[in-house]
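Hello,

Please find the structure below. My notes on it follow.

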Amino acid sequence: MESDYAIEAEGLRRTYRTRTGWLRPRRETVEAVRGVDLTVRRGELFGLLGPNGAGKTTTIKMLNTLLIPTAGTARIRGFDVVEQTREVRRRIGYVFGGDRGLYDRLSALDNLRYFAELYGVPPRDQKRRIAELLELVGLTGRERERVEGYSRGMRQRLHIARGLLHAPEVLFLDEPSIGVDPVAARELRRTVAGLAANGATVVLTTHYMAEADELCDRIAVISGGEIQALGTPAELRSRADGRRVVEVEAYGVPDTAISALRGLPGVRETSVEDRGALQLLTVQSDAHVDVQGDVLRELAGIRLGRVDSREPTLEDAYVAIVGAA
Amino acid sequence: MRTLRLMGIGGALAYRALFNWTTPAMYTGTLLAGPTFQLLFFAYLGRQLQVADDRFFIVGNAVLAASTACVFGGTMAVANERRYGTLGHVLLSPRSRTVVFWGRVLPYAGNGLLIAAFTLLMGVLLLGLRIPVTALPGLALALAAGSLACGFFGLALGALGLRFRDVWVVSNVSAALLLLLTGVNVPRDGLPDWMITVGQLLPITHAAEAARLLAAGRGLEAAAPALGRELLVGAGYAVLAALLLKVFEAESRRRASLETL
């Protein structure tokens, strides 16, 4: 029976067991997902954020039937993802980021024709549907070119068209904008927003906070295989209320200096992002404590660029949530 | 109707997407020139050693020529999905796996039939083999049966690619086994009993037997039992491939043994 919820997951767990070596085999067990509970309403644009290895893709693969949960249950529109795979697969689309996942030797048109057959699009609807989708993702006029000559942005758009062929009720977008240039990423966001506006339920995983902030109705932050926070972007941002952020551009900061920053009075989180030779240090502190002077003292002797003090963003809230996990 | 469409149109698109030897240079070199030289090699060797007459080697190698495209093609039909990272998207299809993958074998079988016919024609033109015109429809049937059986054999090997990464090793070994055990180039009555038994379970063994009877002008009635056995072997591999695909897909969901995406 179809449910009012697009997605329901209860106690979802997934354990991977690996074996390496022949003579002395070493077995390892990794708990990728450790009890995820979530519900996604129909028509909702739901974000799943988390660092690499947090369990995002494993969660999506359980929801889209590619993996069987070790424990727990999940339903898509009321259909069980383990027992009713055919019903689930009729209702879902899956798009992931990256260069692979398309038949390079075929044209975009033939890729879509083939997947239209695989996904059971009625023959009388195929031509119209494919033309509509090519128009939607901006590939009209390029559809007869072999995919091997496509840019990453064009491939991403073709991935989206493929995921939408059978007009799925639930669309999983797994880091769709990874490696895509800013202009193409903006077009992708526009396309995704349009899908949700037209009633599709979208589950989006991304590393780009601005993307999640702009698009998502609700966001779950997953880390260590568990959901650490769940709410609207505004609710998540409020997790960082009462904080102040100091950003410092620096070159060649040693680990000892970063450890020292973490130990400063009033400092709540410290993160480092490498941008080529440049390192961007982000130091979150309690709002009533001015740590900027202390931070600069700890970095004395290190070549610095821009220094800035600002209000926290969703990204800062995310860092705080993941850091506390 | 939609099932036939998936097998026909889907199979043809998958052939173009996944078969590595579709470029004119690769196709001509690997599938036409290579088997022709192999045919000449064995025919002249047979003359030197007086093992058998030209007909034995020409017909045998024509049947064998189809196996390269069909066995490796059948394997590519599954294993190349990994190469392109498309396997996950195929496995997310709500359509029957059996129909999807059986349909993929058909273009390879058709291709195998063409290659076998070409090799046979080379035997006629270069070595002067005479085949009765009345034998041609039966010969086409025997070559088609051998190609189809090889395609399903290759598909079963390709299904192993869902479980084991280095499936091409199995395909290469299988190609050598077909050369040795099926009687296409080595008369089977000179082989040890166990090899004869294994050969009976391989594709093209019975197709080669049927084709030789037909080329000798013995008629379809004489070749029918061998033809029937070839079709039975092909059907066996078709069922085996479907079972392996089902089992390995289920296992991949349980054990995460596939890098599906």
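**Notes on the model**

Chain A has 11 helices and 14 strands; helices (H or I, at least four residues) and strands (E, at least two) are DSSP runs, numbered from the N terminus. This is a predicted model, in which local features need pLDDT of at least 70 and side-chain atom pairs count only at pLDDT 80 or more, while totals for chains, interfaces and linings use all residues. Residues are numbered from 1 along each chain as its sequence is written, and chains are lettered from A and ligands numbered from 1 in the order in which they are written.

**Chain A**

The C-alpha trace of chain A spans about 70 × 50 × 45 Å along its principal axes. Of the 325 residues in chain A, 43% are buried (20 or more other C-beta atoms within 10 Å of the residue's own, with C-beta atoms placed from the backbone). Among the contacts in chain A with a separation of 6 or more, 72% are between residues 24 or more positions apart. A contact here means that the C-beta atoms of two residues, placed from the backbone, lie within 7 Å.

Helix α11 of chain A (residues 314-324) is largely enclosed by the rest of the structure, because 9 of its 11 residues are buried. Among the buried residues of α11(A) are L314(A), Y318(A) and V322(A).

**Where chain A touches chain B**

The contact takes 26 residues from chain A and 25 residues from chain B. On the side of chain A, the elements that give two or more residues are α2 (85-91), β6 (92-96) and α3 (108-118). The most come from α3(A), with 6 residues. This side of chain A divides into 14 nonpolar, 3 polar and 9 charged residues. Ala, Val, Leu, Ile, Met, Phe, Trp, Tyr, Cys and Pro count as nonpolar, Asp, Glu, Lys and Arg as charged, and the others, Gly among them, as polar.

**Chain B**

An unreviewed UniProt entry annotates residues 17-212 of chain B as "domain: ABC-2 type transporter transmembrane"; such annotations may be inferred rather than shown by experiment. That span is 77% helix and 0% strand, and its end C-alpha atoms lie 35 Å apart.

How do α6(B) and α10(B) pack? Helix α6 (residues 136-160) and helix α10 (residues 219-255) of chain B pack at an angle of about 20°, with their axes 8 Å apart. Axes are lines fitted to C-alpha atoms, for helices over the stretch in contact, and angles run from 0 to 180 degrees between N-to-C directions. The two helices, α6(B) and α10(B), are therefore roughly parallel to each other (angles under 35 degrees). Their contact divides into 23 nonpolar, 3 polar and 1 charged residues.

Regards

Methods. Angles under 35 degrees count as roughly parallel, over 145 as roughly antiparallel, 65 to 115 as roughly perpendicular and the rest as oblique. A residue is buried if 20 or more other C-beta atoms lie within 10 Å of its own, exposed if 12 or fewer, and partly exposed in between; C-beta atoms are placed from the backbone.
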